[in-house]
Amino acid sequence: MAALALGALGVVFGDIGTSPLYAVQAVFNNDHHAVHTSTGEVYGVLSLIFWSITMIVSVGYVSFIMKADDKGEGGIMSLTGLLQGVKKRTTLTVGLITLGVLGASLFFGDSMITPAISVLSAVEGLKVAVPSLASLVLPIAIAVLTALFFIQRFGTGVVGNLFGPVMLVWFTVIALMGLPEIVHHPGILRALSPTYGAEFFLHHGAVAFIALAGVVLAVTGAEALYADMGHFGRSPIRRAWFFLVFPALTINYLAQGALILRSPSAIENPFFLLVPGWARVPTVFLATFATVIASQAVISGAFSVTQQAVQIGFLPRFTIRHTDAGHVGRIYSPAINALLFVAVLVITIGFGSSTALASAYGVAVTGTFILSTILFLAVARLLWHRSKAWVAVGGSVFLTIEVAFFSANLTKVVHGGWLPLAVATILFLVMTTWHRGREIVTANRRRMEGSLHDFVEGLCAEEFRIQRIPGVGVFMNPNLKTTPFALKANVERNQVLQDSVVVVMVETQRVPHVPESRRVSTMMKIMFSGATGDPLALGSDIAFVSLRFGFLDEPDVPAALRYAAERDLIEGDVGEVADATYFLSTIAIEPTEDPGMARWRQKIFVALARNSANPAAYFRLPDDRTISIGARVQL
């Protein structure tokens with residue numbers, strides 16, 4: 001348990017754990033300068049920060065939402081997967097699934113901003129420690145980010161073991177650096193009372209509302225507690241949060257407030273001004289390391305969300321590489337990594353400082369909070385059968401808080417908040433376009449392919465004179481009801497067929513992982529009898545095999561078929577199956593004027609289809625034994 005809790009520190013809490021670098025500074029030192037450094041306003045801000053963390057993180061995510069897991073996995077896409085499992089598909093469930101896709105789109109917007117603001121806020125400590133190096137902040141931040149994205153290809157296995165200990169040191173340090181200030185100003189502890197937050201709203205309503213846009217930065221990263229639950233489990237995350245992370249954050253935020261009361265000019269950078277002069281440079285290095293870890297977590301999360309979206313049909317196939325044989329969740333997507341890198345660099349250079357970026361941060365996070373709460377309440381009602389009163393009370397409490405945060409962040413839209421909303425809108429459009437286009441193409445393809453059963457019966461007719469050749473032929477197809485284009489072309493044009501034929505359908509289930517023992521299912525076997533009734537007229541038989549993978553599994557078709565041969569689930573010995581020839585039915589998509597999808601969306605779909613990952617690589621098929629046969633399908 002202790003080891004798991006330590007590991008959770010390095011992965012789960014990196015984002016929220018580095019929020020003290022910029023959250024308080026963003027509240028007092030923003031474009032509006034509406035929040036002043038008077039005692040009442042400082043106490044009010046600290047009270048709002050503490051109770052926001054308590055309600056959203058401690059109560060909302062840690063105590064409730066983390067109970068909604070999909071076979072141990074968390075995250076908004078897991079909530080979406082749970083709702084996809086509702087047997088009775090209604091307009092409500094379809095709408096909820098759509099909200100889940102929107103939440104995933106907002107997460108991508110968040111994953112572009114988090115590395116930029118985290119690294120910038122850490123390196124900006126140089127302005128306090130060594131003011132003469134202020135001009136180097138942006139170049140150093142760019143260099144750190146470049147190195148961070150460059151090492152993604154090597155995986156996190158090498159440095160992963162360092163993450164936990166480093167974050168343990170980080171939380172210990174931020175608590176220790178805050179204690180002296182609290183000792184000198186013990187009255188700051190009164191800010192823990194919710195009455196100060198309430199009074200702040202009563203006496204400074206408009207100012208308090210503006211302050212919420214900065215206060216929400218203290219809870220960014222709360223979604224990571226849920227998204228990374230599958231890596232460590234619910235209990236280790238809860239223990240690490242309540243025993244170390246929450247107390248350390250509370251101490252540091254209170255200390256920053258005390259410092260601002262003692263020295264109002266500290267709003268320029270209250271976090272680093274808490275540190276004694278001799279320790280500021282080491283703290284800058286530690287903070288930079290901590291923000292790299294925080295960025296690593298959100299980048300890895302983007303890889304995972306991409307893989308899940310691909311598996312449930314909302315994105316085309318991307319090349320996904322597993323970087324650690326012992327940890328299935330450690331994956332790398334070259335395309336996503338490159339896109340994120342370019343986006344993060346543009347954002348970093350375009351905004352130039354963490355203060356400016358704070359204006360863009362928060363909109364995506366608060367939107368994700370709202371959508372996660374709605375989906376959780378839907379799961380509680382539809383799957384757990386909680387009472388309407390329970391759902392109504394939960395919704396009224398948490399949605400009121402989250403909608404208030406989201407509304408406050410809407411004031412940032414013109415100052416940069418448009419960025420994550422624009423990213424989310426584009427990605428939502430792309431994901432829904434791919435899903436809809438995939439449905440249309442699949443339906444048209446099935447009509448063109450025709451019935452597999454009828455085709456097999458036709459093989460027995462006299463007009464087909466098939467030459468049998470040695471070996472095993474594996475024909476990939478999206479389903480086992482229609483005829484693979486490659487199989488039809490091989491028979492009708494070449495009039496040849498392998499001695500053993502296996503038609504394979506790969507099915508992605510809505511569970512994270514499918515055990516190897518449950519991965520292979522032989523649907524049926526048909527003996528070719530021919531017109532004369534001779535069972536050897538066409539050779540032996542054809543096997544129809546379904547391979548099941550979870551949305552976090554690597555779809556390795558050759559390995560699954562070898563497993564099937566070892567257990568006599570398909571014809572042929574292990575050696576023959578290991579040397580099988582694989583046939584892929586590739587399609588060229590033709591846009592049409594048919595109703596169902598606008599022309600401009602058709603162009604998006606065709607562009608995505610052309611740039612999707614090679615299915616041979618996706619299914620781990622051997623290059624030297626894979627043959628592709630094409631066909632044209634209308635959209």
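Reply: R436 lies in helix 21, where helices (H or I, at least four residues) and strands (E, at least two) are runs assigned by DSSP and numbered from the N terminus. This is a predicted model, in which local features need a pLDDT of at least 70 and side-chain atom pairs count only at pLDDT 80 or more, while totals for chains, interfaces and linings use all residues. Residues are numbered from 1 along each chain as its sequence is written, and side-chain values use heavy atoms, with hydrogens and water left out.

R436 counts as partly exposed because its relative accessibility is 35%; the scale calls a residue buried under 20% relative accessible area, exposed over 50% and partly exposed in between, using a 1.4 Å probe and protein chains only. If neighbours within four places in sequence are set aside, R436 is in contact with G596 and M597, contact meaning heavy atoms within 4.5 Å. A358, by comparison, is 78 residues from R436 in sequence and 36 Å from R436 in space, C-alpha to C-alpha.

K412 counts as buried because its relative accessibility is 10%. Not counting residues up to four places away in sequence, K412 touches A213, L217, A358, S359, Y361 and G417.

Another buried residue is S372, with a relative accessible area of 3%, and its place is in helix 19 (residues 363–382). Apart from its neighbours within four places in sequence, S372 is in contact with Y61, I76 and L79. Two of these, I76 and L79, belong to the side of helix 5 that meets helix 19: I76, L79, T80, L82 and L83 in helix 5 meet L371, S372, L375, F376, A378, V379 and L382 in helix 19. The residues of this contact divide into 10 nonpolar, 2 polar and no charged, where Ala, Val, Leu, Ile, Met, Phe, Trp, Tyr, Cys and Pro count as nonpolar, Asp, Glu, Lys and Arg as charged, and the others, Gly among them, as polar.

The axes of helix 5 (residues 76–84) and helix 19 come within 10 Å and cross at roughly 30°; such axes are lines fitted to C-alpha atoms, for helices over the stretch in contact, and their angles run from 0 to 180 degrees between N-to-C directions. That angle makes helix 5 roughly parallel to helix 19, as angles under 35 degrees count as roughly parallel, over 145 as roughly antiparallel, 65 to 115 as roughly perpendicular and the rest as oblique. Helix 5 passes helix 19 in a left-handed crossing, a name used if the near helix is turned anticlockwise from the far one by less than a right angle, with right-handed used if the turn is clockwise.

Helix 6 passes helix 8 in a right-handed crossing. On the helix 6 side, P115, A116, V119, L120 and V123 meet V137, L138, I140, A141, V144 and L145 in helix 8, and the residues of this contact divide into 11 nonpolar, no polar and no charged.

Charged side chains can be followed through salt bridges, each defined as a side-chain nitrogen of Lys or Arg within 4 Å of a carboxyl oxygen of Asp or Glu, and by this rule the count comes to 7. One of them joins the side chains of E507 and R548, at 3.9 Å from N to O. This pair links distant parts of the chain, since E507 is in strand 4 (residues 496–509) and R548 in strand 6 (residues 541–550), 41 residues apart. E507 is partly exposed at 29% relative accessibility, and R548 is partly exposed with a relative accessible area of 22%. Another salt bridge brings together the side chains of R599 and E593, at 3.4 Å from N to O; here R599 is partly exposed at 38%, whereas E593 is exposed at 68%.
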